[in-house]
Amino acid sequence: MRDADGAERALLAFLESNAEISNSEAFARDLGVDHELLAGTIKSLHGFGFIEAKDVRRESWELTEEGLVYSRNGSPEVQVFDAVPAGGISREDLQRKLDDSVFSIGFRKAMSNKWLETKPLVSRKVLKVEDVVKQQLLDIKDGKNLSAADIDALKKRKLIVPKVWKAYSITKGANYAPTRTKAATEVTREMLLKETWSEVAFKPYNFQALGQPTEGGHLHPLLKVRTKFRQIFLEMGFEEMPTNNFVESSFWNFDALFQPQQHPARDSHDTFFLKSPCKTQTFPEDYLERVKTIHEQGGFGSIGYMYDWKREEAEKNVLRTHTTAVSSRMLYKLAQDGFVPKRYFSIDRVFRNEAVDRTHLAEFHQIEGLICDKGLTLGDLIGVLNDFFSRLGMKKLRFKPAYNPYTEPSMEIFSYHEQLNKWVEVGNSGMFRPEMLLPMGLPDDVSVIAWGLSLERPTMILYGIDNIRDLFGHKVDLKLIKSNPICRLGM
Amino acid sequence: MPTVSVARELLHTMLGRVYTQEEFDELCFVIGIELDDVTTEKAIIRKEKHLQENEADEDEEVIYKIEVPANRYDLLCPEGICRQLRIFLRVEKMPTYRLSRLPDSSILKMIVKPETAVIRPFVVCAILRGITFDQARYASFIDLQDRLHQNICRKRTLVAIGTHDLDTLQGPFTYEALPPSEIKFIPLKQAQEFTAKELMEFYKSDLKLKKFLHIIEDSPVFPVIYDSNRTVLSLPPIINGAHSAISLNTKNVLIECTATDLTKAKIVLNTMVAMFSGYCDEKFEVEPVDVVDPVGRVTRYPDLSLRTMDVDLSYIKKSVGVPLQAGEIVDLLSKMQLTSKEIDGDKIQVSIPPTRSDILHPCDVMEDVAVAYGFNNIPKTRPKTSTEGRQQPLNEFSDLLRLELAMAGFSEVLNWVLVSKKENFTLLNRKDDDKIAAIVSNPRSSDFEVLRTSLLPGILKVMEHSKDVPRPVKVFEISDVVLLDPSKDVGAANSRHLAALYCSTTSGFEIIHGLLDRIMNVLNVPVDGYTVGPSNEPELFKGRQAKIFYKGSCVGSFGIIHPQVLKNFDIPDPCSYIEMEIERFL
């Protein structure tokens, strides 16, 4: 038997004097090589243009395991027939003489062929039978053709299966030569040492194929966008707040923000409360007293909410529902340390006990910015928001009046989306209420302008993700992490 | 935010012109309400019955669904929205709500019994005389009560409204609290008499009413209102009596609001009468009721008096950032239903109508000036003070480490803080000793029971969902876990952790060990500055795990994940893992 090189030489030599090889399978048989081996050679020669190979498909039939056994031992119905003695036999005895599968298939078949009868002994109804099935199976093995009806019957009995033969028809290719020298794919150290690189023929490079993927790690797409937002805040002179405290008291999360204790956001179906640690024990007591007073009776020019404020409600621990809980701690601290103008920002997790769906998770990242200074105006807020959002590429903004318990005025921020051709809400903003700031001890001419948005929403828009769980959490596709682009918001 | 349905035709009639949808949308935007949806009555019914959209008729009446701010109770009905829009567009002047002038002797009384104090201590009442209902007004009257119940009344816990046909009743009325078995009446929409006790049982299967039963269920006495003939008006906050039910033909309506919060009861009553006194023979006139408390003090309701608030003009100008004149401010406020006049000392005096309970502080007046002026007409400015940008050292440090981990060939994952108890403990071969983890008391599902105490459950869940990803897989996360900490005011604290996992056909323990060495290298900890020693963590494989010691204390551990843990998370391939605290290295 020849090897691949021998087959290649024989094939090219054959084409030198013949126009075509019509069937590579027959050619392989004549050569005495395995067709699989020849096929490899054909593909390689075709790739280099030595030959032109076209697919030839042929369907034929092949015996199954079962069919193969019958072609040797005879069909089960004939085996059963042969096992029945002239005087008849009990069914049990007959079964004992034969294989289980032979008996169960063969007996049924022999009965339906009316070869046997039971009365009640099993006995022959005809004298002699011919094993047609066995003959048919042997014919198929020899490559003979059978009628469609016979093929169908054998197929139904799962004795034969179709087999696809793939072969090639071959003519000379554009680069045909009676022999070929192997082309090189790489420049090797050996070629440089022996200086053979100029004599070697190189295989043409397939520029259509992708290169080899790079190795190395990848950063998470959501955090790449977080990095961009952090940079924008830092460039704009904002100082980051320490937000690494997910567990917060209702006091700092709600009461300090002048959010009344009956507010729906404080319901158990909006907020996660904690069983352990269930409550906060220590507060700045004098400040807590001022907060209680502003809720119950008002003060600093406010009439308050006029209800019985309960310390137990304020003590209840929650998973913070917004990073503004941290802002309230920071502003209180600023009032105690002595006021200086500040710009603060944070980007961190917040928690909502809401139903989870394609756009809502129980936790997400809130981006928050605030400026605390004397003499701030709504015009300043609008100006800062324009600066901030234009750095994200949103240059056209407008503002809608809204309601929020701790900001007044409150403005929803809309940006004109050029592709969607409409105004899209991109965040919320406002001036913190005096009822929040003055009990902290901040000077009464200090105001705070603030805004917030989620990190997930702009990221989903940026990367074209429509299910938040594909972005954040364990169901993320690692391929997404590896293949997402750099964050060029606003570039 | 609450949503109110208003017929488009009614809006156009009330506003005196036809608006295209875009124009109306724009008008809403400017004053801070939102056109949320456009539909038809029949489409709403079809939706409820899950019928096909294509059965729509051409001539169906178009309904605008309008979202209103949660603190503007006066916008919870079409009457209120139209009135605000008309006043904003200067089609209508601000109405003056007033009490009818009656001699004290002819004012009806509501006498409050002391027993009510234990269950629902407050009641306020008012009468709408000579009201004319039609189908739309009647429906709106009912809808407004529903919306108030849903919003400010906090599902009837704080306030419950009852409305009655006054002509079927005989004053004076008494507000009492009695044992449930002693209260007996025919409730609304029923034909037979029930005791209050039987009713509580009966309504357990009523989809709408069963959610209010808890408000009084466990009390030994139930609140109840009687007239002088011992006719039951209502069993608040559950149901009214059938006897005094109102209908389209009712001319005189008694409104009672029982409450646990008197301030909110007054707001609710004022909202009801302000919205519907417009349909009375004497427009915007309301007949008062004297409420006599258990010690005999008499208070007349509703209180429709105007509240006044003095506001510095300079405060408004400085806050909005526009140099407005006093006259301009007065004019702008009139568009927002606030009457005001200039007074001495660079101030204006603002009269706040009973409908504007949302005005608590001069900042609310300032906002109305800004809204009426138009947020989008305010010129952009920049705050003058400059400040320095600064990062939190821990976050800056974490970001630098994240880059190093990525450069070391690991890809970043980002998992939830909330996990199930099973994931945080049992599946990691760990037991909850109640000493380390913060536990959520009201999770919607078991997925959010506990705050993770390590980054491991999240990372293993990632691997569970990454069976098809070609091996080796290398992932990392630098994030916070939460641990109980009695030294903190809230009793718990975040701790920033670094975790990395290697997963392939072989465990790759030496790869994770190498990563530890690399981390220490970039942290500038010399090779003799940290040690590893044997450990016995249940989530790691025995003999293939170690603790990491730095300056004498343990900062983390690494090893091969225990095969049982891998099986628990349905991970088919071996994994090695490292997790350490990083704040120690800051």
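User: Which residue follows α2(B), and what is its phi?
Analyst: B:Gly32 follows α2(B), and its phi is positive, near 90 degrees. Keep in mind that this is a predicted model, where local features need pLDDT of at least 70, side-chain atom pairs count only at pLDDT 80 or more, and totals for chains, interfaces and linings use all residues. Residues are numbered from 1 along each chain as its sequence is written, chains are lettered from A and ligands numbered from 1 in the order in which they are written, and side-chain values use heavy atoms, with hydrogens and water left out.

User: What makes α2(B) a helix, and which of its residues are buried?
Analyst: Helices here are DSSP runs of H or I with at least four residues, while strands are E runs of at least two, all numbered from the N terminus. α2(B) spans residues 21-31, and its buried residues are B:Phe24, B:Leu27, B:Cys28, B:Phe29 and B:Ile31. Buried means under 20% relative accessible area, exposed means over 50%, and partly exposed is in between (1.4 Å probe, protein chains only).

User: Why are α4(B) and α7(B) called roughly perpendicular?
Analyst: Their axes cross at roughly 70 degrees and come within 9 Å. Axes are lines fitted to C-alpha atoms, for helices over the stretch in contact, and angles run from 0 to 180 degrees between N-to-C directions. Under 35 degrees is roughly parallel, over 145 roughly antiparallel, 65 to 115 roughly perpendicular and the rest oblique; α4(B) and α7(B) are therefore roughly perpendicular.

User: Which residues make that contact, and how do they divide?
Analyst: Contact means heavy atoms within 4.5 Å. B:Glu79, B:Gly80 and B:Arg83 of α4(B) meet B:Ala274, B:Met275 and B:Phe276 of α7(B). They divide into three nonpolar, one polar and two charged, where Ala, Val, Leu, Ile, Met, Phe, Trp, Tyr, Cys and Pro are nonpolar, Asp, Glu, Lys and Arg are charged, and the others, Gly among them, are polar.

User: What makes β6 and β12 of chain A edge strands?
Analyst: They belong to an open sheet of seven strands, ordered β6-β10-β11-β15-β14-β13-β12, with mixed pairing. Each of the two has a single partner strand, so one side of each is left without a neighbour in the sheet.

User: How do you know that β10(A) and β11(A) pair?
Analyst: Two strands pair if DSSP finds at least two bridges between them. β10(A) and β11(A) have ten, in the antiparallel sense, so they qualify.

User: How does α11(A) run relative to β10(A)?
Analyst: At about 165 degrees, so by the cut-off above that is roughly antiparallel. α11(A) lies across β6, β10, β11 and β15 of chain A.
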